[in-house]
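Take a moment with the sequence and the picture, then read on.

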Amino acid sequence: MKLRLAVSLLLVLAFASLFVVNCGSSCTGEKRGIGALGGDCCGSGGDTSTGTDTGTTTGSTDGGTGSGSGLLYVANTQNNSILRFDNATTLEGDVAPVATIQGALTRLSAPQYLFLDVSNDRLYVANSGQSAILVFDNVSTLDGNVAPTRFLEGANTTLSGPTRTILDLGRDILYVDNTGQRSILAFGNGATVEADIAPLRKIDGSNPGLSNALDMFLDSSADRMYVANTGVSAIHVFDNISQKDGNVFPERILRGGNTKLGTPQSILVDSSNNLLVADSTSILRFADASTIEGDVAPAAVVTGGNTGIRQPGQMLLESGNLYLANTGSGEILVFNNIASAEGNPFPDRKIGGTNTKILGPSGIALDLSR
């Protein structure tokens with residue numbers, strides 16, 4: 001009896017082994033593993049396969065969007081519009097937007113840089129042409145000639161040609177780079193502020209040294225503001241920004257021939273404490289952003305004909321990949337792994353062409369939650 005059972009078991013195992021398939025490298029962009037007893041080893045066999053997703057996706061330079069995720073918003077200065085694109089993480093080529101916010105009701109006039117409160121689906125626009133800040137709620141659902149939910153505008157605001165606004169979500173302070181008056185404004189109740197309201201505080205005067213400042217970056221955890229001070233080819237850093245008021249000096253200034261700063265247009269700090277600056281035809285990367293000052297050379301420079309960088313606008317980071325509104329060429333450029341980029345590389349992706357409706361892009365925003 002025992003012998004018969006042993007023989008039967010061996011026959012069953014041998015029979016089952018005929019149906020084991022080793023997929024090897026035949027699965028592309030799907031779950032890769034070993035499927036048994038007729039299961040599809042390339043992902044459709046449910047729990048009959050083991051392994052991990054390779055994460056492979058493809059884009060197309062002739063208009064394919066691939067299978068990425070997220071939303072990309074683009075502010076067009078030339079035709080006063082805001083575009084929304086799907087599949088932001090793989091978007092490439094001459095792809096039509098899924099929505100266009102444009103028309104008299106929108107109040108858009110020379111829109112500049114954008115700030116997106118992702119959790120509340122709320123977009124803030126520095127509306128330079130009307131010296132106002134526009135706020136669009138439920139922005140991921142908007143299309144056409146729609147009015148902003150509210151706006152900040154009027155003599156009491158002292159707004160003049162604003163180019164950038166940032167909401168400190170934790171402190172509920174709305175900061176505005178008030179380029180026309182060479183000042184930085186701070187408004188209380190930032191998430192709900194509207195109409196003709198005076199700022200709580202204003203950084204202005206000769207000591208801050210602001211001159212045609214185009215962009216700001218807020219490190220909210222350190223309560224620190226970095227300012228791209230274009231008019232004097234410098235980066236100004238203000239610590240304890242939530243307390244600053246009046247004619248105050250910056251704590252540190254990055255400036256001088258070694259910095260290679262010419263006309264800094266956009267600025268940000270990455271998770272590795274690198275300071276990234278978009279200049280007229282280059283991206284500069286500086287180490288030790290939190291303490292940097294003086295005439296310090298960048299750790300790396302991305303520049304040259306291959307890069308296509310021309311008169312850059314706002315830039316953003318997503319998983320180490322840099323998105324740049326390239327105003328001079330009417331495109332959005334994407335450079336992967338910007339923290340290790342150097343020299344004259346080609347961008348990894350370009351979004352541009354007639355179908356995109358991108359004209360003079362200035363501001364961009366990313367929502368990877370939708």
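## A pair of strands to start with

Let's begin with β7 and β8. Strand β7 covers residues 122-127 and strand β8 covers residues 132-137; the two run antiparallel, joined by six bridges. One of the residues involved is asparagine 127, whose bridge partner in β8 is alanine 132. Keep in mind that this is a predicted model.

In general, strands of a sheet pair through backbone hydrogen bonds, and they can do so in parallel or antiparallel fashion.

Now for the aromatic side chains. Searching the whole structure turns up two aromatic pairs. Phenylalanine 115 and tyrosine 124 make an edge-to-face pair, with 6.0 Å centre to centre and 65° between the planes. Both phenylalanine 115 and tyrosine 124 are buried.

Phenylalanine 217 and tyrosine 226 also pair up, this time tilted, at 6.3 Å centre to centre with 55° between the planes. Tyrosine 226 counts as buried because its relative accessibility is 0%, and the cut-off for buried is under 20%.

## A charge over a ring

One more thing to look for: the charged end of arginine 107 sits over the ring of phenylalanine 151, 3.9 Å from the ring's centre.

How values were computed:
Residues numbered from 1 in each chain as written. Predicted model: local features only at pLDDT ≥ 70, side-chain atom pairs only at ≥ 80, totals over all residues. Heavy atoms only, no water. Phe/Tyr/Trp six-rings, centres within 6.5 Å; stacked < 30°, edge-to-face > 60°. Buried < 20%, exposed > 50% of the residue type's maximum accessible area, 1.4 Å probe, protein only. Lys NZ or Arg CZ within 6 Å of the ring centre and 35° of its normal. Pairing = 2+ DSSP bridges. Helix = DSSP H or I, 4+ residues; strand = E, 2+ residues; numbered from the N terminus.
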